[in-house]
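Please read it alongside the sequence and the structure shown here.

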Amino acid sequence: MAYQKPTGTQDFLPGMVEKWQFVEEKARDLCRRFNYREIRTPMFEQTELFERGVGETTDIVEKEMYTFKDKGDRSMTLRPEGTAGVVRSYVENKLYGEPDVSKLYYIGPMFRYERPQAGRYRQFHQFGVEAFGAVDPAIDAEVVSLGYQFCKELGLQGVKVEINSVGNPASRAAYREKLLEFLTPMKDNLCKDCQSRMERNPMRVLDCKVDQDKFVNAPSILDSLDEECTTHFEQVKQYLTDMGVDFYVNHRLVRGLDYYTHTAFEYKAQGIGAIDTIGGGGRYNGLVSEIGGPDQPGIGLGLGLERILLILDKQEIELNAVKPLDVYFVALGEAADREITKQLYQARKEGLSAERDYLGRKMKAQFKSADRMNAKITAILGDDELERGEIALKLMATGEQQTVNLNELVEKLKEFAEKA
């Protein structure tokens with residue numbers, strides 16, 4: 001074949017798409033209950049937005065962004081994550097002028113040039129939420145609990161939340177000195193990325209996947225937090241405990257983005273090999289002003305939908321996402337065929353999912369087609385029945401049959417569909 005999908009991308013075929021729709025509908029329903037409203041931002045933005053918003057010392061900016069020059073010689077980048085674009089939209093559209101906390105969510109594709117593996121793709125999809133305007137620890141706990149509840153309602157087993165506080169700038173400055181004191185003796189034995197990050201952002205060293213075993217005895221940032229940060233973190237933990245969210249503190253958790261302050265968290269679930277993180281997030285009190293807006297606090301999360309669906313499959317959790325067909329029409333005879341076309345359209349107009357044969361197959365083959373589509377009802381019309389103004393309905397699950405007047409067909413189909 002001359003053409004194939006690009007490396008690190010997927011085709012979502014019928015059967016799989018319904019599972020995606022199920023997961024997305026769950027996310028939308030949960031956001032409705034938590035009072036988050038949907039926002040849709042462009043799939044590409046100015047490159048500088050991600051360099052400033054995500055952080056120049058992150059793997060995303062250093063290695064993974066899809067960046068290109070447009071015809072105006074402007075540097076553009078396919079979005080590698082969702083927060084920076086949402087913050088840019090929040091600032092540009094002056095949503096900070098609203099009297100209440102701005103609570104937003106998004107669902108869509110992101111792009112990173114990574115080595116494809118289980119649960120990791122170059123085009124992937126995230127469900128995320130962002131809340132702007134409040135420093136209250138209660139909203140930290142709300143965001144964490146929303147992601148946790150999403151996983152629980154999908155049926156994921158063994159989901160846990162890791163949390164940490166990465167403090168404020170003053171706390172991090174104090175921690176930086178302690179961390180450098182710990183890292184400097186081992187610098188020559190660390191990977192090149194870690195050696196580079198030590199000069200620019202030592203905390204990012206703790207996020208390294210290559211040298212992770214060397215940091216077991218690293219100092220904890222929790223010991224460098226000031227009173228404000230400590231109080232905030234303790235309140236977040238108390239709220240999560242009150243909610244019944246299963247969490248534990250990981251003092252080496254820093255997340256892979258530079259903009260976090262105070263609360264940082266990740267969701268963990270087993271089922272995709274060495275990669276066990278399905279998403280995470282944190283507070284970013286300085287990001288809005290960094291991107292050009294007023295000094296507004298924020299917190300958000302992002303969850304990888306590919307990883308969630310993969311774990312659901314590994315854990316053999318059935319979503320029952322493919323909905324059965326309400327009615328399959330079987331026509332026997334030319335006149336009946338014309339009538340079926342009309343009745344099919346009427347059923348669809350009335351909200352029923354309906355189908356018929358378009359391949360000129362015999363009745364037995366049409367019944368097999370109805371079975372494959374998991375039809376609740378088969379409606380059978382021959383020319384003789386048509387002359388009497390009747391049609392036969394068969395409830396496929398029980399075999400129950402009933403002959404009804406064609407003029408009452410849609411109402412009877414709805415009654416039968418509710419029984420099935």
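**Helix packing, a covered helix and cysteines**

The model described here is predicted. Helix α5, residues 137-154, packs with helix α8, residues 227-243, and the axis of α5 also comes within 10 Å of that of helix α1, residues 17-34. Of the 10 residues in helix α4, nine are buried, while the count of disulfides comes to zero.

**α5 with α8**

- On the α5 side the contact is formed by P137, A138, D140, A141, E142, V144 and S145, and on the α8 side by H232, Q235, V236, Y239, L240 and M243.
- By residue class, this contact of α5 with α8 comprises eight nonpolar, three polar and two charged residues.

**α1 with α5**

- The axes of α1 and α5 cross at roughly 140° and come within 10 Å of each other; the two helices are therefore oblique, and their crossing is right-handed.
- From α1 the contributing residues are F22, V23, K26, A27, L30, R33 and F34, which meet E142, S145, L146, Q149, F150, E153 and L154 of α5.
- This contact of α1 with α5 divides into eight nonpolar, two polar and four charged residues.
- E142 and S145 of α5 are listed in the contact with α8 and also in the contact with α1.

**The covered helix α4**

- Helix α4, which spans residues 83-92, is mostly covered, and its buried residues are T83, A84, G85, V86, V87, R88, S89, Y90 and V91.
- The partners against which these buried residues pack include the strands β2 (44-46), β5 (102-111) and β6 (123-132), together with the helices α2 (47-53) and α9 (287-290).
- Just after α4, K94 adopts a positive phi of about 55°.

**Cysteines**

- The model has zero disulfides by the distance rule applied, and for C31 the reason is that its sulfur lies 13 Å from the closest cysteine sulfur, that of C151, which is too far for a bond.
- C31 counts as buried because its relative accessibility is 0%, and C229, at 0% relative accessibility, counts as buried as well.

Note on methods
Residues are numbered from 1 along each chain as its sequence is written. This is a predicted model: local features need pLDDT of at least 70, side-chain atom pairs count only at pLDDT 80 or more; totals for chains, interfaces and linings use all residues. Side-chain values use heavy atoms; hydrogens and water are left out. A disulfide is a pair of cysteine sulfur atoms within 2.5 Å. Buried means under 20% relative accessible area, exposed over 50%, partly exposed in between (1.4 Å probe, protein chains only). Axes are lines fitted to C-alpha atoms, for helices over the stretch in contact, and angles run from 0 to 180 degrees between N-to-C directions. Helices (H or I, at least four residues) and strands (E, at least two) are DSSP runs, numbered from the N terminus. Contact means heavy atoms within 4.5 Å. Ala, Val, Leu, Ile, Met, Phe, Trp, Tyr, Cys and Pro count as nonpolar, Asp, Glu, Lys and Arg as charged, and the others, Gly among them, as polar. Angles under 35 degrees count as roughly parallel, over 145 as roughly antiparallel, 65 to 115 as roughly perpendicular and the rest as oblique. A crossing is left-handed if the near helix is turned anticlockwise from the far one by less than a right angle, and right-handed if clockwise.
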